[in-house]
Amino acid sequence: MVAVGGIPSNSKCVVLVLQVEDGCFMRLNPICGGKTTLNPNPKLQAAATPPFLPLQHSSRSLSMDDETEARNGSRGDGDNEKKKKKKKRKQRTAPEIEVMDIEDFGPDETRKIRASLLEWYDLNKRDLPWRTPSTATHEDGDNRAYGVWVSEVMLQQTRVETVIDYYNRWMKKWPTLHHLSLASLEEVNEMWAGLGYYRRARFLLEGAKMIAEGKCGFPRTASALREVPGIGNYTAGAIASIAFKEAVPVVDGNVVRVIARLKAISSNPKHSATIKNIWRLAGQLVDPCKPGDFNQALMELGATICTPLNPRCCACPVSGQCSALSISKSPRSISVTDYPVKVVKAKKRLDFSAVSVVKILEDRDISKGSQHNGRFLLVKRPNEGLLAGLWEFPSVLLDRETDGATRRTAIDLFLKSFKLDTKKNSCIVSREDVGECVHVFTHIHLTMYVELLVLQLKGGFEISDEKEEQETVTWKWIDGEALSSMGLTSGVRKVYNMIQKKVALKPHPRQNKKNKSKKLKDS
């Protein structure tokens, strides 16, 4: 629907207001070259200027369905070339329309924000292991860049408190990029276990190997850094500004929130045009003398003061330049936390799987009457897809919720891939359902039905470790002690803990014998 109105007689600009969808309006200034504004939040429409007019019906509407979500502003770097090409094709066919009208930061405003934020950061920055002063030598600069790189990759989608221990262990094992380049993916995945988003670790290793094998050393500019696998706009900006003092911006979730509030941006923060404009505004703010400190200060402000739900505006060093705070003081029922606009999250996919913790008892275990020994079967996931290349207990993805008999049939069929057949070379000592375990990924809600399957090998059949000498190992046997200290993913660790609790509740066989003999004596 389109309406034209509210134009002063001396105005040289035509204002068009379009309703894109329910509660979303767009203002176009085609004659004077103005950009557009998208206000998806009804509460924020009152703050939009000029005021919106009643709209008349039109058969034409503008669809945003073909727009792809921009990822440059998140900490999920590691761009996929196929997605980039697909995005470019869509951009060529979509209408060339800007979805925002955001004023630049003025010179005085920029100077005030820089000075206030840097002063605040010097006094309030957290003491974190990766925040060490940069040194003058080329070699130390490379080491500084490596440390920043590791920390920034770990911090993607992960809390600072969690990252600190992982970072310290990582740097102790691989203190330089050269040390990391000599590591195997198996070692890296084990060190990374529990951090999630394991694709980050693989990209970090691939990038380290690429740089170590090159002749130019560590890339020292954002543009050169983006050529390294797994390094996108955010990570490139962080390394270049912090380690090499290049005046380039960084934009993560914290920066998006701070700038959205400084400018009272009411458009979708996930929209590609919005992200593009926030990068532009962040670039205007970067202090040319202290780009690394300023970028860290901006992120620190978002993490500690300008938080999503409970911002401490009274302690904010740039509250005087905050448009959202200014609007919140007017009688419009708008809060600072209305910025940035809340985006409805996609519903998680519901998945179900049958997980079998397979334990093999050999003759010596049976002779001792013990099920507490034995070895466990671990299976390596495919090298592509979710949790690529990581170890887990044998599991089968189910089409839907199923009964125990169906799950056991699926597991038995799967175990034949590892030369385990309960009818030919092994017999079941015990098999019991342990319970359900829920693990949540970014886009998947996974329910795991866990069982403990204890098998005894039949005569003449032995566990073979010969496959472990091959580079393409897809499964292996491991004893309980090694398993307990092994780096496992969070989901696998949950399953293992369930098994440990189950076994702990069972009395040891020797204890059973003592109790029985004691009862006989007492009788």
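**Figure 1. Salt bridges across the predicted model.** A search of the whole structure finds 16 salt bridges, a salt bridge being a side-chain nitrogen of Lys or Arg within 4 Å of a carboxyl oxygen of Asp or Glu. Side chains of opposite charge can pair when their charged atoms come close. This is a predicted model, in which local features need pLDDT of at least 70 and side-chain atom pairs count only at pLDDT 80 or more, while totals for chains, interfaces and linings use all residues. Residues are numbered from 1 along each chain as its sequence is written, and side-chain values use heavy atoms, with hydrogens and water left out.

**Figure 2. The chain as a whole and the predictor's confidence in it.** The chain holds 19 helices and 10 strands, where helices (H or I, at least four residues) and strands (E, at least two) are DSSP runs numbered from the N terminus. Of its 523 residues, 46% count as buried; buried means under 20% relative accessible area, exposed means over 50%, and partly exposed lies in between (1.4 Å probe, protein chains only). The mean pLDDT of the chain is 78, with 70% of the residues reaching 70 or more, and pLDDT is the predictor's confidence in each residue, from 0 to 100. Confidence is lowest in strand S1 (residues 2-4), at a mean of 37, and highest in helix H3 (residues 107-124), at 98. Over residues 1-40 the pLDDT is below 50, and this stretch has 110 contacts in the model beyond near neighbours in sequence, a contact meaning heavy atoms within 4.5 Å. Residues 508-516 also have pLDDT below 50, and for this stretch the model shows 7 contacts beyond near neighbours in sequence.

Figure 3. Aspartate 108 forms a salt bridge with arginine 111, with 2.2 Å between the closest N and O atoms. The two residues are 3 apart in helix H3, and so are separated by about one helical turn. Leaving aside neighbours within four places in sequence, threonine 110 is in contact with Phe105, Gln284 and Leu285. The C-alpha atoms of threonine 110 and aspartate 287 are separated by 9.0 Å, although these residues are 177 apart along the chain.

Figure 4. The side chains of arginine 126 and glutamate 300 meet in a salt bridge (2.9 Å, N to O). Because arginine 126 lies in the loop between H3 and helix H4 (138-155) and glutamate 300 in helix H13 (residues 291-304), the pair ties together parts that are 174 residues apart in sequence. Arginine 126 counts as partly exposed at 29% relative accessibility, whereas glutamate 300 is buried, with a relative accessible area of 2%. Glutamate 432 forms a salt bridge with lysine 502, and their closest N and O atoms are 3.6 Å apart. Here glutamate 432 lies in strand S8 and lysine 502 in helix H18 (residues 490-505), so this pair ties together parts that are 70 residues apart in sequence. Lysine 502 counts as partly exposed, at 26% relative accessibility. A network of salt bridges links Arg408, Asp412, Arg431 and Glu451.

**Figure 5. The side chain of asparagine 425 in its loop.** Asparagine 425 is found in the loop between helix H16 (404-415) and strand S8 (426-440), and this residue is buried, with a relative accessible area of 14%. Its side chain reaches the backbone oxygen of lysine 419 at 2.9 Å. A polar atom of the asparagine 425 side chain also lies 3.0 Å from the backbone nitrogen of aspartate 421.

Figure 6. Leaving aside neighbours within four places in sequence, tryptophan 170 is in contact with residues including Tyr146, Met154, Leu180 and Trp192. Strand S5 (residues 375-380) and S10 run antiparallel and are joined by 5 bridges, and two strands pair if DSSP finds at least two bridges between them. The bridge partner of valine 379 in S10 is tryptophan 475. Strand S10 (residues 475-479) is mostly covered, with 4 of its 5 residues buried.

Conventions:
A polar contact is a pair of N or O atoms within 3.5 Å; within protein, one must be able to donate a hydrogen and the other to accept it, and residues adjacent in sequence count only if both atoms are side-chain atoms.
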